[in-house]
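Please look over the sequence and structure shown here before reading the briefing that follows, which is arranged by topic.

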Amino acid sequence: MSVKTPIYLDYSATTPVDKRVAEKMIPYLTEHFGNPASRSHAFGWTAEEAVENAREEVAKLVNADPREIVWTSGATESNNLAIKGAAHFYSGKGKHIVTMQTEHKAVIDPVRELERVGFESTFLSPEPNGLLDIEKFRAALRPDTVLASVMLVNNEIGVIQDIVAIGNICREQGIIFHVDAAQATGKVAIDLEQLPVDLMSFSAHKTYGPKGIGALYVRRKPRIRIEAQMHGGGHERGMRSGTLATHQIVGMGEAFRIAREEMALENVRIRRLRDKLLSGLQEIEEVYVNGDLDQRVPHNLNISFNFVEGESLIMAVKDIAVSSGSACTSASLEPSYVLRALGRSDELAHSSIRFSIGRFTTEEEIDFTVALMKDKIGKLRELSPLWEMYQDGIDLNSVQWAAH
Amino acid sequence: MAYSEKVLDHYENPRNVGSMDKSDPHVGTGMVGAPACGDVMKLQIKVGDDGIIQDAKFKTYGCGSAIASSSLVTEWIKGKTLDQVMEIKNSDIAEELALPPVKIHCSVLAEDAIRAAVADLKAKQSSAKVAA
């Protein structure tokens, strides 16, 4: 078996730019370098046309009107603009925000920031499968709730929230509904003409486009208003000032065009690879899938390996590029807050691995990964006193550990 | 996390992995740490009638530095007396493995494991004497 290591299985962190995308971008750096805001000459007109074509491609993937698409620097900026922008604009109606504990930090932190300027918030915990209980959501709403934000696809565990049900409740009660869809484009079908969503965040680099570009969908009917967070030349209908990055925008447009045309076939292939990876890993004892397996994109498989420690696990699997639920790679020793919110123990949260599969993953790479995991988990368990105790039938929860 | 070559060597080729019979009167067992803290070390020593450690085995649930620390001490304690191994300091282990400051606790745990194994053996021997 000949595969080149390390194998990239971290497509939820970022994706390579598709070659077709990169080729389309390059002329907009060198030849067609005009400022799309220059109205007085052909350089500007060419750039503006490219920007508007790309806007149309982004809109088409999610069945929106191109005039509902606002360019940003990425999903983090889109989330900030949506949450802070809408909360401030509609703050006369109320100052309460509802979201989830398992949101991306780019949603959690803007909400925390709003708390510092007088808003109140409710962070709902998910069910153990990662999904939001709709009745708990309904119960959390107050007369002064102005905004709700729930992501479509979770970045760590890949579960798909029921944004139709959540959005319908928001509609009934006149609450602005924002959805972070950074992890969703090209993976799940999005039809904003049908969906009860007011604001939706997108990123290019999770969908084979370049980093540094994203978009925010802002509904026109009924019209949703937001306060600009970036002030300046009044670009993007005043919602986001700053000279447009033509080449990045062209890249996002092309990436989203490819996603629209190829996602149906691509998802079938990826699901097959995921099923193969899952069945291979399930041959290992004491593994736990994190997050619902049905309400989930096939690109993500997040698994905890019991009785092995997270950091040594990451050391053992350096031939594959994956993310870990253990934050040992960063300064803190805190395990993933998403897995903790599902009710996973610290140990299981630490010993989790997020495998994310993408456009360029091959079957050979999946076979290699399964064989590698079986070998390494076996070796680490041979070293593990906890595994030995488990094999001897000792209930680890009954042991009095000397915490240190 | 950049590991020293010595840590990587012990991690890749851990020495003296295994278990001995806990009920053997010549075997002392030390288990330290807690799963929730991310480290559990089990160290076992087998002592001859001459009071010298003939064999040592370990199993460790923990990071690379924890595995290396416990692997290293099994090498160090073989052939030594109980009094000699009680003199091993965590700083000796940390220095030998060039552990970074955030991993010093791994060497502390390894030192604790030695002490726990020796204490277990001594308790066994004194209760055996009482019985005799």
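**Salt bridges, cores and the chain contact**

A network of salt bridges links A:D18, A:R20, A:E262, A:E266 and A:R359. The model is a predicted one, and over all its chains it holds 38 salt bridges. The points below take up individual pairs, then the nonpolar cores, and finally the contact between the chains.

**Salt bridges within chain A**

- A:R257 and A:E254 are joined by a salt bridge with an N to O distance of 2.9 Å, and both residues belong to helix α8 of chain A, where they stand three residues apart, about one turn of the helix.
- A:E254 counts as buried because its relative accessibility is 8%, under the 20% limit.
- A second pair in chain A is formed by A:K374 and A:E283, whose closest N and O atoms are 2.4 Å apart; since A:K374 lies in helix α12 and A:E283 in the loop between α8 and β9 (287-289), the pair ties together parts that are 91 residues apart in sequence.
- With a relative accessible area of 35%, A:K374 is partly exposed, whereas A:E283 counts as exposed at 58% relative accessibility.

**Nonpolar cores and a buried threonine**

- The largest nonpolar core has 64 residues, and those that touch the most other members are A:F305, A:L313, A:V317, A:I320, A:F355, A:M373 and B:I77.
- When neighbours within four places in sequence are left aside, A:V317 is in contact with A:V322, A:I353, A:L372 and A:M373.
- A separate, second core of 53 residues has among its members A:I160, A:I213, A:Y217 and A:I249.
- A:T246 is located in helix α8 (residues 246-281) of chain A and counts as buried, with 6% relative accessibility; not counting residues up to four places away in sequence, A:T246 touches A:Y28, A:G34, A:P36, A:A47, A:A50 and A:V51.

**Contact between chain A and chain B**

- Chain A contributes 22 residues to the contact and chain B contributes 28 residues, and the two chains bury about 2,200 Å² between them, with 65% of it on carbon and sulfur atoms.
- Across this interface the rule finds four salt bridges, as well as twelve residue pairs in polar contact, both residues being at pLDDT 80 or more.
- On the side of chain A that touches chain B, at least two residues each come from α9 (310-316), α11 (346-350), α12 (363-383) and α13 (385-391), and the residues of that side divide into twelve nonpolar, three polar and seven charged.
- One salt bridge between the chains joins A:E388 to B:K59, with the closest N and O atoms 3.4 Å apart; A:E388 counts as buried at 16% relative accessibility, and B:K59 counts as buried at 11%.

Definitions and conventions. Residues are numbered from 1 along each chain as its sequence is written. Chains are lettered from A and ligands numbered from 1 in the order in which they are written. This is a predicted model: local features need pLDDT of at least 70, side-chain atom pairs count only at pLDDT 80 or more; totals for chains, interfaces and linings use all residues. Side-chain values use heavy atoms; hydrogens and water are left out. Contact means heavy atoms within 4.5 Å. Buried area is the accessible area (1.4 Å probe) that two parts lose on being put together, summed over both. A salt bridge is a side-chain nitrogen of Lys or Arg within 4 Å of a carboxyl oxygen of Asp or Glu. A polar contact is a pair of N or O atoms within 3.5 Å; within protein, one must be able to donate a hydrogen and the other to accept it, and residues adjacent in sequence count only if both atoms are side-chain atoms. Helices (H or I, at least four residues) and strands (E, at least two) are DSSP runs, numbered from the N terminus. Ala, Val, Leu, Ile, Met, Phe, Trp, Tyr, Cys and Pro count as nonpolar, Asp, Glu, Lys and Arg as charged, and the others, Gly among them, as polar. A nonpolar core is a set of buried Ala, Val, Leu, Ile, Met, Phe, Trp, Tyr and Cys residues joined through side-chain atoms within 4.5 Å. Buried means under 20% relative accessible area, exposed over 50%, partly exposed in between (1.4 Å probe, protein chains only).
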